[in-house]
Amino acid sequence: MSLFKKTAAKIEEAVKAAAQAEEAKEKETCDMLHVIDHPLIQHKLTIMRDKDTGAKDFRELLVEISRLLGYEVTRSLPLRDVEIETPLTRMTGKAIAGKTLAIVPILRAGLGMVDGLLSLVPTAKVGHIGLYRDHETHKPVEYYCKLPDDIQSRFIIVTDPMLATGGSAADAVRMLKDKGCADIRLMCLVAAPEGVKAFHEEHPDVPVFTAALDERLNENAYIVPGLGDAGDRIFGTY
C-alpha cells in the first residue's frame, strides 16, 4: 500500500472513530433525558402555554404537572420487603428503602413545583438554592443557599420549570455535588435542546425529566415556543 493510501486510510479511521464517539455521546445524553409525554401532562401544559392563562390557573396546573412528573422521577426509588398483617392474613409488602427524599427548588420559579412533589412524599425535606440570570450575560448568579444538614445522604430532586441555557441548573447541581451529593435528578417543565446539551456536558450523570423538549432558544435566551417567564407567570409579576 502506498504512503498516500495508508495516510488516507488512517484519516478515514480517525473520522469514523470520531463519529462513533459522537454518536455514543448523543445516545448517552438521550438515555439521560426523559420527556414525559403523558396525555394529561400535555393537555395541562398546553393550557399553561396560553398567554391568556392567569397566575392562579398557571400555579395550580404547575402543581398538578409536578405531581404527575414526580411519579416518573421517583420510579427508581429502591424498595424493601416488609411483613404486615392485613384484615385477612399476613403478607410481605413493599416499602421505600434506603435514601429519603429532598426537594431542592431553584428560586424563585422552582418553588412552584414543590407542592406537587410534597403531595407525593409529605416527609421530604426541602432545601433552597437562589440563582438569578444576569440579563446581559445570561449567566446565573448565586445569592442564597440553604440545605438540610444530611443533604448528601438523600435522593435529591432539583426543580426549575425552565431549562433554557442550562446554566442555573448546572450551577445548582454543582453546588450540591460540592457538598457530597451524588443521587440527583433534575425536574423541569419545558426544556430547550441547547440547555439539555449544556447541562449534560457538565453533568452527564444527572437525569433530566421534562414535560416537553421545545424547539430552540431565541436571541434573548428564552425558550421557543415556551411559555414566557415562568417565575413572572407563577407570581403575577409581569
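Gly116 sits in helix H4; helices (H or I, at least four residues) and strands (E, at least two) are DSSP runs, numbered from the N terminus. The model is a predicted one, in which local features need pLDDT of at least 70 and side-chain atom pairs count only at pLDDT 80 or more, while totals for chains, interfaces and linings use all residues. Residues are numbered from 1 along each chain as its sequence is written, and side-chain values use heavy atoms, with hydrogens and water left out.

Gly116 is buried, with a relative accessible area of 0% (buried means under 20% relative accessible area, exposed over 50%, partly exposed in between; 1.4 Å probe, protein chains only). Leaving aside residues up to four places away in sequence, Gly116 touches Val63, Ser66 and Arg67, where contact means heavy atoms within 4.5 Å. From Gly116 to Gly70 the C-alpha to C-alpha distance is 7.6 Å, although the two are 46 residues apart in sequence.

The protein has seven helices and 13 strands. Of its 238 residues, 42% count as buried. Among contacts between residues at least 6 apart in sequence, 65% join residues at least 24 apart.

Helices H2 and H3 pack against each other, as tabulated here.

| Item | Value |
|---|---|
| H2 | residues 39–49 |
| H3 | residues 55–73 |
| Angle between H2 and H3 | about 155 degrees |
| Distance between the axes of H2 and H3 | 10 Å |

Axes are lines fitted to C-alpha atoms, for helices over the stretch in contact, and angles run from 0 to 180 degrees between N-to-C directions. H2 and H3 are therefore roughly antiparallel (over 145 degrees). The contact residues include Leu40, Leu45 and Met48 of H2 and Phe58, Ile65 and Leu69 of H3.

The largest nonpolar core has 34 residues, of which Leu45, Ile65, Leu189 and Leu227 touch the most other members. Such a core is a set of buried Ala, Val, Leu, Ile, Met, Phe, Trp, Tyr and Cys residues joined through side-chain atoms within 4.5 Å. Elements giving two or more residues to this core include H2, H3, strand S4 (101–107), helix H4 (114–120) and helix H7 (230–235). H3 supplies the largest share of this core, six residues. Apart from this core lies another, of 26 residues, among them Ala102, Leu131, Leu147 and Phe199.

Leu227 touches Leu45, Met48, Arg49, Phe58, Met162, Leu189, Val190 and Arg233, not counting residues up to four places away in sequence.

Technical notes. Parallel < 35°, antiparallel > 145°, perpendicular 65-115°, else oblique.
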